[in-house]
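Here is a short report on one protein chain.

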Amino acid sequence: MKKFLCCYAKFKCGIIAEDNFIEIIDRFKSEFGLYYDICDINNVNGCDARIYLVDEAFENDLKSEEVRIHSSHSRNKKYLLTGKIYTQDDANIFAYHKQENQKVYYQIVNTNIKIFADTEQKNVYMSGDNIYDIFSYVFETLLSINIEYNGGIQFHAACCEFNGNGYIITGKSGSGKTSLLFDILKNGGYFHSNDRVAVFKEGEKYVAYSIPIPVNVPIKMMNTMEEWKSNDVVCNAKPGTKIRFLVNELPILLGEKIVKKIDIQNIISVDYSDDEPSFKILDNGNINDYIELLTPFDENHPKWLKLFDYPDEDDAKAAVSEMNNNIKILYVSGNDTFKALNNYINSINAFK
């Protein structure tokens with residue numbers, strides 16, 4: 001068996017793989033090595049959790065109650081860079097489930113993929129065919145749980161760095177979050193995350209880690225990019241669809257303008273409209289009113305593989321409210337939200 005250490009966002013995970021699963025680790029490195037630090041290791045004793053890829057996670061098949069271990073709201077059509085169409089017609093993953101004290105057993109329905117979790121030892125054992133997607137999801141789940149166990153808060157939001165400042169970008173669906181993010185990128189900003197961001201308080205600062213997941217860019221947005229609007233995949237994509245960039249393909253989209261960890265200075269609440277660009281600082285605003293928490297009660301939040309304790313809802317909201325003392329809430333609106341953001345930045349610079 002080979003041993004690996006995978007580190008990110010204060011999470012250290014040992015991965016122990018039988019020889020016939022090494023290609024899964026190689027693929028995992030290829031897809032996520034841009035973010036995760038993955039290396040060979042001799043000893044996994046000091047890790048927060050361990051994943052074992054073995055020939056048989058447990059004996060006998062499960063035929064017990066079914067539970068949903070994953071659901072996604074993203075069911076629309078997307079195009080991969082290869083031109084293939086990616087869809088999630090059924091984004092639910094169901095598993096048979098059995099629990100005995102601190103030992104939990106799962107078998108993905110209609111597969112031979114088995115998962116056994118020893119929650120006391122914080123070990124997860126996996127086996128089965130075509131296991132890569134489930135393995136990646138298990139790691140993401142453990143990362144998510146450990147972020148919260150260590151005091152991090154996860155948001156459904158975009159995030160970027162611009163002019164040396166870190167911004168979390170929020171807003172309702174259709175409010176223009178992605179448009180503002182890409183306008184910032186086109187004007188010298190650095191990409192951090194497009195959908196999920198984890199924030200830790202470190203001393204007096206709030207530090208954001210990007211959660212590495214594929215980025216889905218609307219065709220309308222792709223057509224505004226000189227280097228992409230003549231691309232065959234973009235030209236042939238139907239209106240209203242998106243181009244899906246896998247994690248290891250983000251440098252193709254963004255070049256070297258990617259940052260994995262930044263200090264946050266502002267939360268930007270976006271509200272696109274037909275009005276003239278404007279901004280205002282919400283001095284009396286409550287961050288909980290402007291940002292969507294993934295911690296710990298979102299429908300799609302991974303509650304199924306609980307190796308660590310979650311904060312409860314009140315604790316999570318209290319931690320976010322504490323951010324009000326350190327982070328300004330900037331509200332930008334109108335028909336050019338990037339111009340509104342620039343107007344704010346210029347107003348700040350005028351007083352320096």
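Buried residues account for 51% of the 352 residues in this predicted model. Buried here means under 20% relative accessible area. The radius of gyration is 21 Å; a compact globule with 352 residues would have a value near 20 Å, so the two agree. The C-alpha trace spans about 65 × 50 × 40 Å along the principal axes of the chain. Its secondary structure comprises eight helices and 24 strands.

Now the sheet. Six strands make up an open sheet with mixed pairing, ordered β15-β13-β14-β21-β24-β22. The edge strands are β15 and β22, and each has a single partner, so one side of each has no neighbour in the sheet. From one strand to the next, the twist averages 25°.

| Strand | Residues |
|---|---|
| β13 | 158–162 |
| β14 | 165–170 |
| β15 | 190–193 |
| β22 | 278–281 |

Strands β13 and β14 pair in the antiparallel sense, over five bridges. Cysteine 159 has isoleucine 168 of β14 as its bridge partner.

The largest cavity has a volume of about 60 Å³. Its lining consists of 13 residues. Nearest the centre of the largest cavity lie Ser193, Asn194, Ile211, Ile213 and Val215. By type, the lining of the largest cavity has eight nonpolar, three polar and two charged residues.

Note on methods: Residues are numbered from 1 along each chain as its sequence is written. This is a predicted model: local features need pLDDT of at least 70, side-chain atom pairs count only at pLDDT 80 or more; totals for chains, interfaces and linings use all residues. Side-chain values use heavy atoms; hydrogens and water are left out. On a 1 Å grid over the protein atoms alone, a cavity is a set of points where a 1.4 Å probe fits but cannot get out, and a pocket is an open set with protein on both sides within 12 Å along at least five of seven lines; lining residues have an atom within 4 Å of a point. Grid points are joined across faces, edges and corners, and a volume is the space filled by probe spheres set on the points. Ala, Val, Leu, Ile, Met, Phe, Trp, Tyr, Cys and Pro count as nonpolar, Asp, Glu, Lys and Arg as charged, and the others, Gly among them, as polar. Two strands pair if DSSP finds at least two bridges between them. Helices (H or I, at least four residues) and strands (E, at least two) are DSSP runs, numbered from the N terminus. Axes are lines fitted to C-alpha atoms, for helices over the stretch in contact, and angles run from 0 to 180 degrees between N-to-C directions. The radius of gyration is taken over C-alpha atoms; the globule rule is 2.2 Å times the number of residues to the power 0.38. Buried means under 20% relative accessible area, exposed over 50%, partly exposed in between (1.4 Å probe, protein chains only).
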